[in-house]
Amino acid sequence: AGWGRAVVLGDSDTAETLAGRLAQLKPELTAEMRKYLAEKDPAAAHFAAIFLMLRAPGLEPVVRFGMGRETPVMKSDIFRDNWWLLQPGAAAYDGERNHQALFDLYPDGHFGPTTFLPAAQRSAAEREWQQLMRAANSVNYLCAQTLDWARIHPLDERVPQALYLAVEATHYGPADRSSGYSHQAFDLLHKVYPNSDWTKKTKYWY
């Protein structure tokens, strides 16, 4: 969650530090983190992170309370608990009752207290939260990032798969269907890469 948060916030220094720890602590992500750390260009490193997030629907930039997601991070959840959808305010998972004790203590959903933190840290946290909220819908965020990269780097061999995954994410994740991202990714994939195996697997947009 810390690594995902750093990526979305554009905090490359923190993302690199946490990628090193992830490589040590999460064997299923070791190879992916090494690929990420091997990218020296910041923009290329960012897309490497986006490409991983598309393939790892269990990654998200927040820590859940309660039981959390039980499906392995690199696997798609059959009940569509994939990627993230952040809600305004502190009660991001107000409907989740797995951790009932928190609601007993804080019935309004604001799990505090926060006043023990220095004012500067509270202000910084609020700024970061507002920035995260601009990527509140993970599928819209990942699709937009993928389309931007694909249009500038059409020869990147990862792009066809990334566009395929972007379309899939709009089906299995919390997509805003009015955004048009699914159709855009579908059209770009079929127009630029008509002979790709990923194109042949992408028969619909959502």
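I began with the crossing of α8 and α9, which is left-handed. The model is a predicted one.

**Helix pair.** I looked up the axes of α8 (residues 159-172) and α9 (residues 181-192): they come within 9 Å and cross at roughly 150 degrees. Angles over 145 degrees count as roughly antiparallel, so α8 is roughly antiparallel to α9. I then listed the contact residues. From α8 come Pro-160, Leu-163, Tyr-164, Ala-166, Val-167 and Thr-170, and from α9 Ser-182, Ala-185, Phe-186, Leu-188 and Leu-189. I sorted the residues of this contact into nine nonpolar, two polar and no charged.

**Aromatic rings.** I counted five aromatic pairs. In one of them, Trp-84 and Tyr-141, the ring centres are 6.3 Å apart and the planes at 45 degrees, so I noted the pair as tilted. Trp-84 sits in the loop between α4 (42-55) and α5 (100-105), and Tyr-141 in helix α7, 57 residues apart. I checked burial next. Trp-84 is buried at 2% relative accessible area, and Tyr-141 is buried at 11%.

I returned to Tyr-164 for its ring. Its centre lies 5.1 Å from that of Trp-198, with the planes at 40 degrees, so this pair is tilted. The pair links Tyr-164 in helix α8 to Trp-198 in helix α10 (residues 197-201), 34 residues apart. Tyr-164 is buried at 13%, whereas Trp-198 is partly exposed at 26%. I also found a cluster of Phe-47, Phe-51 and Trp-149, linked by ring pairs.

**Helix α7.** I looked up Ala-144, which is in α7 (residues 138-152). Ala-144 is buried, at 18% relative accessible area. Its C-alpha is 28 Å from that of Ser-123, 21 residues apart in sequence.

Technical notes: Residues numbered from 1 in each chain as written. Predicted model: local features only at pLDDT ≥ 70, side-chain atom pairs only at ≥ 80, totals over all residues. Heavy atoms only, no water. Axes fitted to C-alpha atoms, helices over the stretch in contact; angles between N-to-C directions. Helix = DSSP H or I, 4+ residues; strand = E, 2+ residues; numbered from the N terminus. Parallel < 35°, antiparallel > 145°, perpendicular 65-115°, else oblique. Left-handed = near helix turned anticlockwise from the far one by under 90°. Contact = heavy atoms within 4.5 Å. Nonpolar A, V, L, I, M, F, W, Y, C, P; charged D, E, K, R; others polar. Buried < 20%, exposed > 50% of the residue type's maximum accessible area, 1.4 Å probe, protein only. Phe/Tyr/Trp six-rings, centres within 6.5 Å; stacked < 30°, edge-to-face > 60°.
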